[in-house]
Amino acid sequence: MPWDRAQPLVSTGSVRHSWRVSVQPVVEPVSVEDLKLHARIDSGFEDSKLQAYITAARVMVEKDTRRALCTQTVVAYYDFMPAYIVLPVAPVQSITSIVYYDSLNTQQTLASTEYESDLYAEPSLIRPAYGKAWPTTYERFNAVAVTAVCGYGAASAVPEDAKQAIRLLASHWYENAEATITGTISKELEFAYTALVARLKWGDYA
């Protein structure tokens with residue numbers, strides 16, 4: 001039976017789901033030289049430490065905003081196929097594949113002609129193509145896996161709000177290495193960081 005296009009959107013909160021980065025970005029949104037300029041660091045003796053802080057700050061910003069910054073590959077898992085598949089991270093550049101376990105618990109790859117996507121929306125949406133219906137999936141955890149290429153692209157395309165949040169965190173961790181733990185924010189930075197992150201957050205469809 002063809003899928004009813006009048007069905008309402010389904011929030012990701014109503015479908016058990018998870019996601020992970022399967023291919024990490026090859027560049028960071030903020031370079032070591034950029035961070036050194038921001039933090040007024042003249043020496044090059046601790047560049048490797050600064051690079052580690054940049055990566056940790058980028059991961060924190062991505063988790064707090066549910067955004068991918070530089071290009072990376074993400075795999076999202078769902079226990080079944082809802083009316084709309086709502087991707088849990090933005091922005092999405094392309095859908096690589098949709099793999100599922102069929103009614104016989106055999107893994108299948110869904111042909112790209114069977115679905116359509118709106119990658120301009122935040123969050124991005126996937127639904128059956130016109131006149132099509134989702135296949136029946138086996139009742140198991142993570143029955144559906146959607147692989148997507150996500151992120152803004154090169155570092156130059158990443159929003160300045162995200163870059164500034166990374167600079168604030170990384171420079172703070174560098175200057176307070178003994179007093180703080182990586183992954184925390186001091187009260188002095190909390191307001192600025194929260195304001196920057198709030199501009200990048202997006203919500204679910206109901």
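Which element gives the most to the lining of the largest pocket? What you have here is a predicted model, in which local features need pLDDT of at least 70 and side-chain atom pairs count only at pLDDT 80 or more, while totals for chains, interfaces and linings use all residues. Residues are numbered from 1 along each chain as its sequence is written, and side-chain values use heavy atoms, with hydrogens and water left out.

Let's start with the fold. The protein chain holds 4 helices and 8 strands, where helices (H or I, at least four residues) and strands (E, at least two) are DSSP runs numbered from the N terminus. Along the sequence they come in the order β-α-α-β-β-β-β-β-β-β-α-α. Of the 206 residues, 45% count as buried; buried means under 20% relative accessible area, exposed over 50%, and partly exposed in between, with a 1.4 Å probe and protein chains only. Contacts (heavy atoms within 4.5 Å) with a separation of 6 or more come to 76% from residues 24 or more positions apart.

Next, step inside. The largest nonpolar core has 26 residues, and Ile54, Val61, Ile166, Leu169 and Tyr193 touch the most other members. Such a core is a set of buried Ala, Val, Leu, Ile, Met, Phe, Trp, Tyr and Cys residues joined through side-chain atoms within 4.5 Å. The elements giving two or more residues to this core are α1 (32–39), α2 (47–65), α3 (160–175) and α4 (187–198), and α3 provides the largest share, 7 residues. Valine 61 shows this packing in detail: leaving out residues up to four places away in sequence, valine 61 touches Leu69, Ala162, Ala165, Ile166, Leu169 and Tyr193. A second, separate core has 22 residues, including Val15, Val92, Ile95 and Val144.

Now for the pocket. On a 1 Å grid over the protein atoms alone, a pocket is an open set of points where a 1.4 Å probe fits, with protein on both sides within 12 Å along at least five of seven lines; lining residues have an atom within 4 Å of a point. The largest pocket holds about 150 Å³ of space, a volume being the space filled by probe spheres set on the points, which are joined across faces, edges and corners. Its lining includes Trp19, Arg20, Arg58, Glu62 and Lys63. Both β1 (17–23) and α2 supply at least two lining residues, and α2 gives the most, with 4 residues.

Finally, visit the loops. Most residues other than glycine have a negative phi, and most peptide bonds are trans. Alanine 90 and proline 91, however, are joined by a cis peptide bond with omega about -10°, and proline 91 sits in the loop between β3 (85–86) and β4 (92–101). Another cis bond links glutamate 122 and proline 123, with omega about 5°. Serine 124 counts as buried because its relative accessibility is 1%, and its contacts beyond four places in sequence include Ile85, Val92 and Asp118.

Asparagine 105, in the loop between β4 and β5 (107–109), has a positive phi of about 65°. Asparagine 142, in the loop between β7 and β8, also has a positive phi, near 55°. At 31% relative accessibility, asparagine 142 counts as partly exposed.
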